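Here are some notes for reading the structure shown below.

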Amino acid sequence: MVELPPITLRLRGRKVVGRVAFALLLLASISIGAVAGLLFIYSSDLPQIHALEDFQPDIVTELYADDGQVVGSFALQRRILLTYEQIPRS
């Protein structure tokens with residue numbers, strides 16, 4: 001009678017390959033999900049391009065006395081609008 005090679009060796013090789021393939025697919029799906037989630041979170045806070053054309057930043061409100069002296073200034077953000085030419089060159 002002819003003796004056949006053990007089948008368990010072939011099955012073990014397939015099990016290892018199957019587990020490695022499953023681990024790689026799981027890792028790839030987790031990575032793709034994380035990247036997609038980060039892109040969604042960061043892109044949801046960005047303004048639209050056409051909204052940047054009409055951007056009006058908050059400016060400082062200054063209160064003047066009758067003689068023209070500044071009595072006080074009020075603002076949520078202390079911004080001073082400058083043109084490009086007013087920015088000092090370093």
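1. A residue is called buried when its relative accessible area is under 20%, exposed when it is over 50%, and partly exposed in between, with a 1.4 Å probe and protein chains only. Leu-38, which lies in helix α1 (residues 7-44), has 46% relative accessibility and therefore counts as partly exposed.

2. This is a predicted model, in which local features need pLDDT of at least 70 and side-chain atom pairs count only at pLDDT 80 or more, while totals for chains, interfaces and linings use all residues. Residues are numbered from 1 along each chain as its sequence is written, and side-chain values use heavy atoms, leaving out hydrogens and water.

3. The protein has 2 helices and 2 strands, in the order α-α-β-β from the N terminus; helices (H or I, at least four residues) and strands (E, at least two) are DSSP runs, numbered from the N terminus.

4. Strand β1 (residues 61-64) and strand β2 (residues 70-74) run antiparallel and are joined by 4 bridges, where pairing requires that DSSP finds at least two bridges between two strands. Thr-61 stands opposite Phe-74 in β2, and in the hairpin, which has 5 residues between the strands, Gly-68 takes a positive phi near 95 degrees.

5. Of the 90 residues of the protein, 1% count as buried. The protein exposes about 9300 Å², of which carbon and sulfur atoms supply 65%; such accessible areas come from the Shrake-Rupley method with a 1.4 Å probe, and for residues only the protein chains shown count as cover.
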